[in-house]
Amino acid sequence: MPLPRFIAVIDIGKTNAKVVLIDAHTKQQLAARSTPNTVRADGPYPHADVERLWSFMLESLGALQTEHGVDGISITTHGATAALLAGDALALPVLDYEHAGPEDMRDAYGAVRPDFAETLSPRLPNGLNIGAQLFWQSQKFPEAFATVTQILSYPQYWAWRLTGIMASEVTSLGCHSDLWAPGKADFSSLVTGQGWRDLFPEVRPAASVLGTLRADIAEATGLRAETPVTCGIHDSNASLLPHLGAHEEPFTILSTGTWAIAMTVGGDTTHLDPARDSLANVDAYGRPVPTARFMGGREFDMLAPGAVTPTSEDADAVIKGDVQALPSFMAGVGPFPGHVGCWTSDPDILSPGERTAAVSLYLALVTQTCLELCGLGKQIIIEGPLARNQLYAAALARLTGVPVVASGDATGTSLGASMLFGGAAGVASGTPVAPLQHVGFDGYAERWRQRLA
């Protein structure tokens, strides 16, 4: 089929949900609508407000159709999320992966989950492993779980609601889920051992058209009933997709949002440390990609409220004053999961610019640590919000010694998701970043490392 020109990308991030319109010919964003991705506290556990998101999607699709026209729909979402269906309804609410409920059965789950060597998926806290979610739900709510007829990863849940067609897909199954074995490109022994295999629909490629809009959705939005919808993709892999085949390997993509996720294409998985939140993602072609991550966006928002663009004087004051944030402010995740975050001096006496500078340098230092785990590429391309943080990017360039490029893609995922329909690989070159030039920064970085030794 011909490549759709105006592609609406449904992008469900952990913090915000968006519907973005991409012109496939120019690879430019034409319009965007956004809403907070709220978590509901009612019911048996904290869960996604899927009906509010659904109303937002339909309203946004209708508005974009009126304003520009929509020729195709693609879907990308955060990982570690699954929908349990009983026929055409949810058997249980869509669990918020930050809920601590699965920790109640940590030991029992640990006895049945596969080894890291099989899944390249580390044991993560709360519900960050979908396998842990499913195990907890099956034990905690056995009657409801017994009614489950299908298990859908989150992008494929929304694709099903749009098309009525069900599928599984490897980028979400392979996202620290414990459900996928990259080495054999098949479901893991956990899925077989728990009797879940028949609950997962057939695996379809992310870069495939799953189907066309249901008639009632077309009528509600004003889109053509023939509008194609892709199978969908995990958001970090959406950021990765435009770069596959476009750079000399190994290269590193740093996808940022709530999470800062470093993925080194063509890298080596043998140095991954399951105790330090490093793992292998599975790309859109089913290949393992060494990955390390931390909740960089969440920590930035927490540590730098009222953030402003820091001046060179702000950075100078922080470096000369040895003002440092030490990890980790999000327990149990990132390369320092057992460390408790703290400051070396009182952050409340800093100006907004100084505080933003200190946090930006902190994020760069943690990112460099992630790159020691997943491997450092010949260049680093930063996608998403941190691409706009000049001090962060400059510090990372200084720390790593390799070229750093800041992408101009506003969301870090929308362009990649739009490319699920096809089109040539490759992205705009972005903006090269000059390494941070400050006589005291190397010593500042070394003291940060020594404090963690």
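A cavity here is a set of points, on a 1 Å grid over the protein atoms alone, where a 1.4 Å probe fits but cannot get out, and its lining residues have an atom within 4 Å of a point. The model is predicted, so local features need pLDDT of at least 70 and side-chain atom pairs count only at pLDDT 80 or more, while totals for chains, interfaces and linings use all residues. Residues are numbered from 1 along each chain as its sequence is written, and side-chain values use heavy atoms, with hydrogens and water left out.

**Cavities**
- There are two cavities of 30 Å³ or more, where a volume is the space filled by probe spheres set on grid points joined across faces, edges and corners.
- The largest cavity holds about 100 Å³.
- Its lining has 13 residues, and Lys-14, Asn-37, Ala-48, His-78 and Asp-96 are the ones nearest the centre.
- The second largest cavity has a volume of about 60 Å³.
- Among the residues lining the second largest cavity are Phe-294, Glu-299, Ser-328, Gly-334 and Tyr-362.

**Helix 4**
- Helix 4 (residues 130-140) is largely enclosed by the rest of the structure, because nine of its eleven residues are buried (under 20% relative accessible area, 1.4 Å probe, protein chains only).
- Helices are DSSP runs of H or I with at least four residues, strands are runs of E with at least two, and both are numbered from the N terminus.
- The buried residues of helix 4 include Ile-130, Phe-135 and Trp-136.

Methods. Buried means under 20% relative accessible area, exposed over 50%, partly exposed in between (1.4 Å probe, protein chains only). On a 1 Å grid over the protein atoms alone, a cavity is a set of points where a 1.4 Å probe fits but cannot get out, and a pocket is an open set with protein on both sides within 12 Å along at least five of seven lines; lining residues have an atom within 4 Å of a point.
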